[in-house]
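Biologist: Can you walk me through this model? Keep it quick.

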Amino acid sequence: GQMTERFEIIALKASGISLYRIAVPYLIFAACFAGIVSYLDAWIIPESNIERSQFEQEFLGGSGDVLDRGNLYRQESPGRVFQLGHYSPNSGTGYRLTLLEFDDESEIRRLITANRIDWVDSLRSWEAGRYTVRTYHEEGYSDSTQYDTRIDLNVLPRDLSRTTSDVYQLTWPEAVNYIESIRRSGAGDVALPLVQFYGRVAYPVSLLVVTLIGFALASQQRKGGRGFFITMGLTISFIYISMMEIIEPFGAAGAMEPLTAAALPHLLFLLFGIVLFLTTRK
């Protein structure tokens, strides 16, 4: 904008340098900055988000973003399905466990019930003070009771205490594995973490988009001078962010594909920037 006000852009174009060539350094800088933002978001910022979430839970009474509160259903593995009446993430304790095991013909083979199970972090396993095993056979069934023993449950506490901020606390590879674990366990609500993850990946593209739009607007003389540039910058940024916040929930609710919901605002503004740039006087 300052170059335009001082007629430097006009002088450059008069000397034979095209507007495309003038825009290249700005776009290269935007691309480099987008790469830095992607790296920070993929590897550095998740650690800070973990600390922020822990602070909120400890001093602000929790962030209120818990997705699973009770009656949790999971497919722990092929042929094994379980239900928990309630799970407390603070103590790592689950209540009213019902675990069903099926044979190859999809008939119930075993039924395991326990009033309480506890996660033992040092052993990386679940333990129950007492649980009952009912085994089905051709003649009927037989019951047995186990005391103070490890219970075979192939899930982690994180799989039972999902929150809306989980994806933001994971690196990109961890987020991919987390989403896959949700699919495998049959927990549902996979659209929300997908939209959040795609949104994180696509967000750095906005740096290129706003640079393109800003350059197209600032490379011509405008009434209002610097005030016009500031006003347009704030207006476009507000509309851009608002569109992302409005469209992404449609992907989380299943009204559109998560990838489409995350990418659509960037694609629309990219198209707007290209049209604006191409129609700018060269």
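**Around Trp-126**

Biologist: Leaving aside neighbours within four places in sequence, what is Trp-126 in contact with?

Modeller: Contact means heavy atoms within 4.5 Å. On that basis Trp-126 meets Tyr-87, Gly-92, Ile-117, Asp-118, Trp-119, Arg-150, Ile-151, Leu-153, Val-155, Leu-156, Pro-157 and Leu-160. This is a predicted model: local features need pLDDT of at least 70, side-chain atom pairs count only at pLDDT 80 or more, and totals for chains, interfaces and linings use all residues. Residues are numbered from 1 along each chain as its sequence is written, and side-chain values use heavy atoms, with hydrogens and water left out.

Biologist: Which residues touch the most other members of the largest nonpolar core?

Modeller: Phe-82, Leu-84, Ile-117 and Trp-126, out of 18 residues. Such a core is a set of buried Ala, Val, Leu, Ile, Met, Phe, Trp, Tyr and Cys residues joined through side-chain atoms within 4.5 Å. Buried means under 20% relative accessible area, with a 1.4 Å probe and protein chains only. Strands β2 (80–88), β3 (93–102), β4 (108–120) and β5 (125–137) each supply at least two residues of this core. Helices (H or I, at least four residues) and strands (E, at least two) are DSSP runs, numbered from the N terminus. Apart from this core lies another, of 16 residues, including Met-244 and Phe-277.

Biologist: Switching to α8. Which of its residues are buried?

Modeller: Phe-229, Ile-236, Tyr-240, Met-244, Ile-247, Glu-248 and Gly-251. Their cover includes α1 (2–5), α6 (191–202), α7 (205–218) and α9.

Biologist: And what follows α8?

Modeller: Gly-254, with a positive phi near 90°.

Biologist: Which helix gives the most to the lining of the second largest pocket?

Modeller: α8, with eight residues. The lining has 23 residues, and Gly-199, Tyr-203, Met-244, Glu-245 and Glu-248 lie nearest the pocket's centre. A pocket here is an open set of points on a 1 Å grid over the protein atoms alone, where a 1.4 Å probe fits, with protein on both sides within 12 Å along at least five of seven lines; lining residues have an atom within 4 Å of a point.

Biologist: What volume does that pocket have?

Modeller: About 560 Å³, taken as the space filled by probe spheres set on the points, which are joined across faces, edges and corners.

Biologist: Last one. Where is confidence lowest?

Modeller: In helix α4 (residues 157–160), at a mean pLDDT of 82. Helix α9 (residues 258–278) is highest, at 96. pLDDT is the predictor's confidence in each residue, from 0 to 100. The chain mean is 91.

Methods: Buried means under 20% relative accessible area, exposed over 50%, partly exposed in between (1.4 Å probe, protein chains only).
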